Amino acid sequence: MSQQGYVATPPYSQAQSGMGGYPAGFGSAPSQPLYGHYGGQPQSFPVPPTGMMKPAPPPTGLPSPPASSHYISNGQQNEAHPPRYAAPPAAAASPYGQPPQSPYHSMSPQAPPQAQQVTNQMGAMNLGYGPPPAPISQALPTSHLAQQPFHSAPPPAMGHPPLGSPCTGPQSHRMPSPQSPPAGQPMGGPPSMGGMGRPYPGPPPPGAGGFQQFGPGAEGQPGYPQQPQGQFGGQMAGPGMAGPGMAGPGMAGPGMAGPGMAGPFQGGAAQMAGPPQKKLDPDSIPSTTQVIEDDQAKRGGQVYATNVRGQVPPLVTTNFTVQDQGNASPRYMRCTTYSFPCTADLAKQCQVPLATIIKPFATVPKNETPLYVVNHGEAGPIRCNRCKAYMCPYMQFIDGGRRFQCGFCSCVNEVPAFYFQHLDHMGRRVDFYERPELSLGSYEFVATLDYCKNNKSASPPAYIFMIDVSYANVKSGLVRLICEELKTLLDNLPREEGAESSTVKVGFVTYNKILHFYNVKSALAQPQMMVVSDMAEMFVPLLDGFLVNFQESCSVINNLLDQIPDMFADTNESETVFAPVIQAGVEALKAAECSGKLFIFHSSIPTAEAPGKLKNRDDKKLINTEKEKTLFQPQKGLYEQLSKDCVAQGCSVDLFLFPSQYVDMATMGDVSTHTGGTVHKYSNFQLELDGEHFLSDLRKDVRKAIGFDAIMRVRTSTGFRATDFFGAVHMNNTTDVEMAAVDCDKAVTVEFKHDDTLSEETGALMQCALLYTTISGQRRLRIHNLSLNCSSQLSELYKSCETDALINFFAKSAYRAMLNQPLKTVREILVNQTAHMLACYRKNCASPSAASQLILPDAMKVFPIYMNSLMKTGPLVGSAELSTDDRAHQRLSVMAMGVEETQLLLYPRLVPLHNMDVASDVLPAPVRCSEERLTDAGMFLLENGHSLFLWLGQACTPELVQSIFNVPSLAHMPSDLNKCAFQSSLPVLDNPQSKKLRSMIEALLDQRPKSMKLLIVRQKDRSEMLFRQHLVEDKGLHGGASYMDFLCYVHREIRNLLT
Ligand SMILES: [Zn+2]
């Protein structure tokens, strides 16, 4: 390794270089006001008058024409919201603008701001919440602050024993030893779930053995396994913030107080003068791998019952079993915090975003109960008359069961006669356990015709395979590969549970400059081709015989798939069209009156004369300029219209791209990312090396659980509402999230804002209702309910935060903001908000301590590493060395990700393999993502959900190399590993090391939504760069600070905010 231990340069003695590549430093005030979420800020999107807060919900990416609803009557639209307070405009405090924030590189000691300035500064930092009801300087009165602190905190006992001398010894971590934290670093205080939670409104949760039978239409196995009460509730003692050895109410970052860190922070002029090189112990800063391990140790293998309101679930990385007892499983909904602040003022003060990440079709493990389906027949689902919320555990039955009060809007509704049931002595319906909609957090309703387009029942969806047969795709062998694969793959189309065959219809199109449609009607002996060469007015030349049942037309289809590669074998056509291909797909679905999905296999930028023709607009000179954002903005016009057409028809577009050069990913991927589709990219596709990788993606894609023609509405109890949505979605208005399709991997991140005061007693309730068409063509409503706590204590909020969910929100909001603002501004906002969130905690929730000590909320102690990693991702880093298409691709992919995926992407797993216990079933524990943790004699697997690397240290033992690669030593491996035979799959060898490694990789690939191509890199090879950019704790290869530097920087910002 290039260095042992961390050699610290006091961060403030340098100009920018310490922060590695954010040229202007983080600290300077952005010249422009800030972006979307962070604000409802003035001027963020469409520019409102300067100085006015935007009262309305933030924009949604596409312009919002008047709502054109295609659902009628009492569908999900055209509903009156309960009265909300219109947000009054208020004078805008130019955030980050005025406060005397020193630029990062300032060498001069800061003059402490006056008390009033502090207030202003804190106020001005408050970006998070829309319309402040009062001047900002009053939002944070000191008296208020004085009342707050230590509400639930034990006395300070700054937990970390000093590490000895300022030079904390040369802790060189040549061998990864993640399980043995250094002395004084018991990071994982027990999470603070107990005590604060209380069951959702209504009677206490059922004891064991409830849920015996279900009402009409219920299916699935009856009864739940016995559930011990209070699995996670109640075991926590008292305030519960401080873990063993942890300081006070927060996490006093062990080591942060230590002399090693203290030096730089206490630095006055003297320190600055001569930068003494000090070694800092990298183990002393909060570790993500440790946090993950601790949560797994504490909550892994347990049953998580959802009967407690505001309960913080185990981490996404922890293995646990969910038992639905009235709130949606965290697999469906995860929140940035499980305790909302009662007032908008508090929310504004802390700037912690209030958001829920909803993955409505999340895959649940086999040992968890699938969703029950409730069928009320022609009556349809029971709803609140006023807010239209669906029957759920938050409805309170009164008046002997004749009426119910809505938990969302308090409206009292009559119970329809068919639904009447008596109440027991506790006021609960006696059929409570028999009806999923009364007792569960998640369930489905069969929808009536009212919920169908034009009051006509829906049809099963269709999958259309559209293959680019231009020269590049034919020559690479791709066309033949696809056709071969489809013959078997089409037998695996998704089907309803228990159904014998799939009802999904299939159709086939090939194209280059013109389109070829195929008639594959079962009655035909041979498939028939019909050519459409008029690209300007796309139409589908045949109705009957284009979309067919695979089983019925199997022989004709196989015949076609045999013929296609030969038909185009001699093609010279290198130009392609693209937009007309999508148009053709939509027209076909329209003609068949069904929803569906297009699988488009495309090679190059569409340059043929046709609508949607694109040109190369990749310009590296724009990087790090104001115009960089234009690289990521899709071409407007036709593609925008196509998205709308697709959404209106329930047509999702999955794009498989095989480019050998720039293809304008930002535009080509645009329709997919507005239709719940996925974009897969295989640059410089080579059959032998990438074929299997592509096929696994295709197989996953065709088989995955999916719903079509979906529209989602998130309802909330009074006092707050959903204001912004991030995902592969389309918004025609501000409330209805339209998704042409939504599959098991797609998540929508929903941000909430206050419009009134929330009550601690009733909490904050939310209901996500998703109306969609199943793969067999049934119209259904999928309901997910979640109840959160509300508190007037910010400490409760910080205690109930979830870092993984927070970072999902920040990733999506930043990736959207970069379309409208310079990257530098976006990065500055991220840093500033990080500092602000942590400063507010320090100010309001932590015990008093030396300013030199960095104190982080326990639940957010690794937030800085994720945030720093986010800023170093390709889209945000602004480096000319990265491909514009790759950056655009990552940007688009992240927008639809759930919490698991963003967590893994921003903190990859780095697993040491050289000393794994082959006899054990347990996987080796991951180590921190830093070069520090690599060893010359080691072998490591690194994985982030998109890339998979096997890294070989240059001193790897011959035995290890032999056991995995079947060659005597590293020297015997080919010099160019990219060409080597085992590049995409390791040799199958009959020894324990090989078996274990291969099964590990197989299991990984199985778990992830996308396939990953295994890349083997040797230490010091050129390709090692690709690997090293994922070592997120280190300084970024393309710019961006190391974790340590970032933490120092953030700490300094926090101190600036607090002084
Ligand atoms: Zn209501």
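Two strands pair if DSSP finds at least two bridges between them, and strands (E, at least two residues) and helices (H or I, at least four) are DSSP runs numbered from the N terminus. This is a predicted model, in which local features need pLDDT of at least 70, side-chain atom pairs count only at pLDDT 80 or more, and totals for chains, interfaces and linings use all residues. Residues are numbered from 1 along each chain as its sequence is written, and side-chain values use heavy atoms, with hydrogens and water left out.

The chain contains 27 helices and 35 strands. Of its 1059 residues, 63% are buried, meaning under 20% relative accessible area with a 1.4 Å probe and protein chains only. Its accessible surface (Shrake-Rupley method, 1.4 Å probe) is about 36500 Å², and carbon and sulfur atoms account for 53% of that. Among contacts (heavy atoms within 4.5 Å) between residues at least 6 apart in sequence, 77% join residues at least 24 apart.

E12 and E13 (residues 403-405) run antiparallel and are joined by three bridges. Phe 397 has Phe 404 in E13 as its bridge partner.

The structure has zero disulfides, a disulfide being a pair of cysteine sulfur atoms within 2.5 Å. Cys 384 counts as buried because its relative accessibility is 1%. Cys 768, at 0%, also counts as buried.

How values were computed
Buried means under 20% relative accessible area, exposed over 50%, partly exposed in between (1.4 Å probe, protein chains only).
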